[in-house]
Amino acid sequence: MPLPSSGRPPAVPAAAPLRHPFSARPRILGLCPPLALAAALLLAYPPQPVQAQGQNSANSVQTYHLAPGPLAERLNQFARQSGLNLSFTPEQVQGLSSRGLEGSYTVRAGLDQLLSGTGLAARAGSTGYTLEAAPASRDGIFQFNEIEVQGAAPDEDKDLPFRSASSMKVLTRDDIELFRGTSVGDIFQGIPGVLIGENRNSGGLDVNIRGMQGQGRVPVLVDGARQETTVYRGYSGVSSRSYIDPDLIGGILIEKGPTLSAGGEGATGGLVSARTIGADDILRDGRTFGIRVRGQMIGNNSGSAPEPGTPSGYFLRGGGVDNGAWRINCSSPEVCNEARPGGGSYAIPKRFASDEGMDRPDWYKPKSWAGSIALAQRFEAIDLVAAYARREQGNYYAGTHGPTPYVDFSDRRQLPFYTEVRPELQGATRFRGGERIANTNFKSESTLVKAKLLLPADHDLELSWLRYDSTYGELMPSQLLWTNDIAQTNNSHVTANTYTSRYRWTPADNTWFDVKANLWHTNTKSNNDLYAVSGDFASGITTESSNVTERYKRTGFDLSNTSRFDVWGMPEWRYGFSLQRETVGPDGSSGNGSDIFGADGDARAGERREYNLFTAIKWEVLPTLTLDAGLRYSRYKSEDHKAQTPSANSTWCEAVDAFGKCLPVFYSSRNSGSTPLASLTWEPADGLQMYLRYAEAIRMPSLFENTSGFSVAPTIGADLKPEHAYNREIGVNLLRDAVFTNTDKLRVKLAYFSNTTSDYLTRTVSYGWEDTDSRNVFRMRNIDKVSVRGAELSVEYDAGVFFFEAAGTRYNHIAVCEHASYRRYDCTDYGLANSYVTNMIPPRWHASSRIGTRLLDRRLMLGVRGTFMGQRNMPTAFDDTRNGFLRPVPWHSYRIFDVFATYRVNDNISVDFNIDNITDRYYLDALSLGLVPAPGRTARLGVTLQF
């Protein structure tokens with residue numbers, strides 16, 4: 001049997017209508033009901049029996065299991081099983097594919113489903129059916145699936161990575177709902193070559209693809225719009241964040257490496273394209289009005305955040321006057337209890353942690369929840385959608401099995417009247433096993449309003465507004481790495497508004513035009529609470545905060561067209577342009593702290609513009625050989641609105657004021673360049689492809705990199721050059737149906753890649769031979785290069801009652817290269833002192849697997865997922881990061897297992913049950929920016945309703 005949208009049991013009744021790209025079969029979603037309500041719903045809506053296979057009449061219902069494949073083969077199989085007389089010519093079906101047929105259908109409904117999206121229709125005759133061109137309807141608009149880069153039907157979407165001359169991954173809505181996780185980034189878990197940076201803070205997404213992360217290297221598009229902001233994370237670095245609630249995502253396409261799409265400018269690492277839910281995700285088959293409700297209860301959670309100042313983790317402070325040591329085995333009490341300056345005694349404490357936070361509830365008792373409701377109304381020429389999602393959770397609890405911390409008292413020195421003890425903390429972090437993790441609380445509200453208009457003459461227009469509002473706790477990485485004091489602090493807050501207008505014109509009678517035009521605007525207000533903690537659990541905790549509030553705005557427009565024709569074997573020509581303007585500045589209502597961060601904190605101020613032109617052709621050189629090649633041209637300009645004052649001995653001090661002080665200078669930058677992309681695909685047999693791909697991309701310096709702030713500033717006179725990526729990939733795709741049985745599917749992709757990014761932009765310190773100014777403690781600069789080489793493998797096998805998936809990435813070369821002061825080696829595999837790239841380097845390997853079964857007529861699905869992560873590449877000898885402000889975060893290797901179950905009660909109700917991290921592993925996520933352990937064993941129960 002074929003794998004339905006990410007393995008979920010399909011509904012049994014008749015065929016679903018054609019759907020929007022990435023639309024999985026409509027599932028039931030719901031607000032978070034209690035367990036009693038879930039049980040009541042199960043009793044109220046018992047499972048419906050599958051209709052028995054009837055006789056070979058037009059109205060009888062049969063159950064079919066036809067995998068996607070060549071249309072001619074599927075039509076013949078259908079005719080044999082149904083007893084149908086069907087006639088067609090080979091020319092009619094040549095080169096066409098069917099998405100298959102799964103479930104119970106009448107003869108007519110099953111035939112229509114097999115033909116959906118092919119441009120053909122079945123006409124009934126006196127003795128059977130014949131095929132003909134599908135008629136047009138609604139003012140000439142054909143009722144076919146909309147063709148977009150994102151894909152088509154769910155099964156076709158899942159097959160897209162195994163038919164492409166590049167590496168990619170498709171997440172359907174069912175994938176997202178099945179593995180919702182505790183943090184937003186958990187929906188990306190297990191994708192080869194893809195990791196999420198700082199996943200346990202803020203609810204934002206910072207995607208890392210093959211070592212490229214942040215500053216637009218991996219843009220996250222929401223309905224084609226960018227909303228990425230850069231958030232200051234202390235001396236330890238910055239985080240790039242994009243925001244969306246997973247309950248409002250209809251599907252995600254992840255492309256690895258540069259791409260020649262309208263939204264792919266600057267994407268040296270790859271592109272993540274998410275679409276919000278539409279009417280097809282909500283409406284049941286044949287309905288014009290629908291409601292979808294989803295609720296989820298979450299365990300391993302405190303339910304609410306503790307009061308600010310509540311201590312967490314070990315507080316490892318030393319005693320004594322001179323050397324910070326405690327005393328034991330004292331010859332007299334006075335020797336150990338003698339008061340030292342500032343109070344206290346030499347006597348070693350009985351404990352180094354508070355009892356706070358060790359009240360972990362049973363893993364199966366939910367204290368937090370998430371829910372959403374979505375409504376859709378379909379008229380003759382317009383689809384309307386309104387949705388609301390909310391999530392509330394307190395602090396989660398860490399696992400108990402793994403590198404949990406403990407206090408080591410082995411460092412001792414025997415003296416005449418006492419013994420000195422210097423306790424040392426061992427383990428992954430200072431948070432204890434099973435402890436409530438401070439500042440991991442999270443609350444969000446999201447609203448989506450959407451309208452799609454089907455206009456006359458093959459035009460359509462989609463308008464949407466998405467608002468995301470979140471309050472969350474944040475743990476500053478520098479606080480975790482540099483101090484002994486951890487406590488709950490005040491919350492941070494973000495509000496992101498995304499407005500999109502998406503137009504398309506696809507005339508049915510003219511293949512020269514497939515026009516897309518997108519106009520979008522995002523407005524993000526980010527208030528990040530930067531704090532310092534002092535005290536200890538015995539004497540009390542004091543927290544000092546400094547709110548840094550920024551307003552980030554982006555406006556973009558792109559226009560593209562695809563001309564399809566059959567001239568000299570060149571069926572497709574794509575071309576278009578895009579432009580974008582972005583501004584950042586302190587919000588007028590912010591209370592930025594001048595005591596720590598200056599007059600306006602780290603809030604930056606500036607603007608940036610970028611323009612792109614692109615063109616590409618797809619040429620069938622031979623029947624089995626296809627060339628796809630194109631070119632992109634980019635140009636940008638950026639201006640810093642915060643002045644820098646050069647030092648008196650700087651060559652950039654060209655004028656002085658009446659007091660002999662250098663006049664302020666404003667930094668600005670501009671640049672341009674062009675890059676090619678080409679792939680060659682050879683298909684020696686049906687379902688077997690071999691490809692070569694060469695892709696270049698340039699990323700112009702981001703607005704953050706071109707503006708001044710407390711953490712880093714560009715250097716006057718040292719123009720920032722664009723990053724230039726050179727990516728090479730060779731791969732094999734295998735897509736086979738009916739391998740061992742008549743209904744199974746096998747999908748395999750093996751790729752080897754070699755990626756080098758020259759002039760990589762990051763933060764460093766000033767070098768000994770450079771001219772400096774009075775402001776630049778750190779410098780934003782181009783370093784020599786960052787390069788990675790490795791291989792990825794994805795295998796998927798589905799036999800209906802049993803399915804299996806495995807994927808992994810192995811890097812055989814990682815190098816961060818820079819010729820600079822105080823460096824023993826120009827290239828290392830662990831990073832560069834004080835550089836952001838240090839904590840963006842992936843482990844040498846990571847992998848995942850999934851195995852499961854479908855029972856009870858495929859209504860029940862059970863399975864286990866494993867995630868396997870290699871450990872951090874750590875410095876050895878001659879470590880130049882040792883004395884820097886930004887140190888490598890040392891995560892351990894780990895293995896995580898998740899159990900999942902889905903039961904489709906009937907067409908209205910579905911129940912999901914998950915146990916994440918079932919072994920209660922204590923671990924630190926790969927690419928953690930701070931020492932924040934991940935959640936321990938967590939149970940989640942979800943109920944989904946659709947009417």
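In the predicted model, the torsion about the S-S bond of Cys 330 and Cys 336 is about 75°, so the disulfide between these two residues is right-handed. The sulfur atoms of Cys 330 and Cys 336 are placed 1.5 Å apart, and Cys 336 is buried, with a relative accessible area of 11%. A search of the whole structure returns two disulfides, and the other pair consists of Cys 817 and Cys 827, with an S to S distance of 2.0 Å. About this second S-S bond, between Cys 817 and Cys 827, the torsion is about 115°, so this disulfide is likewise right-handed. The pair links distant parts of the chain, since Cys 817 belongs to strand β39 (residues 802–817) and Cys 827 to strand β40 (residues 827–828), ten residues apart. Cys 817 is buried, at a relative accessible area of 4%, whereas Cys 827, at 39% relative accessibility, counts as partly exposed.

With regard to nonpolar packing, the largest core comprises 32 residues, and those with the most contacts inside it are Phe 188, Val 207, Ile 252, Ile 254 and Val 272. Elements that each supply at least two residues of this core include the strands β16 (249–256), β17 (270–276), β20 (368–378) and β21 (382–393), together with α7 (279–282). When residues up to four places away in sequence are not counted, Ile 254 touches, among others, Ser 167, Met 168, Lys 169, Leu 171, Phe 188 and Val 272. Apart from this core lies another, of 24 residues, among them Leu 761, Val 816, Met 840 and Ile 841.

Notes:
Residues are numbered from 1 along each chain as its sequence is written. This is a predicted model: local features need pLDDT of at least 70, side-chain atom pairs count only at pLDDT 80 or more; totals for chains, interfaces and linings use all residues. Side-chain values use heavy atoms; hydrogens and water are left out. A nonpolar core is a set of buried Ala, Val, Leu, Ile, Met, Phe, Trp, Tyr and Cys residues joined through side-chain atoms within 4.5 Å. Buried means under 20% relative accessible area, exposed over 50%, partly exposed in between (1.4 Å probe, protein chains only). Helices (H or I, at least four residues) and strands (E, at least two) are DSSP runs, numbered from the N terminus. Contact means heavy atoms within 4.5 Å. A disulfide is a pair of cysteine sulfur atoms within 2.5 Å.
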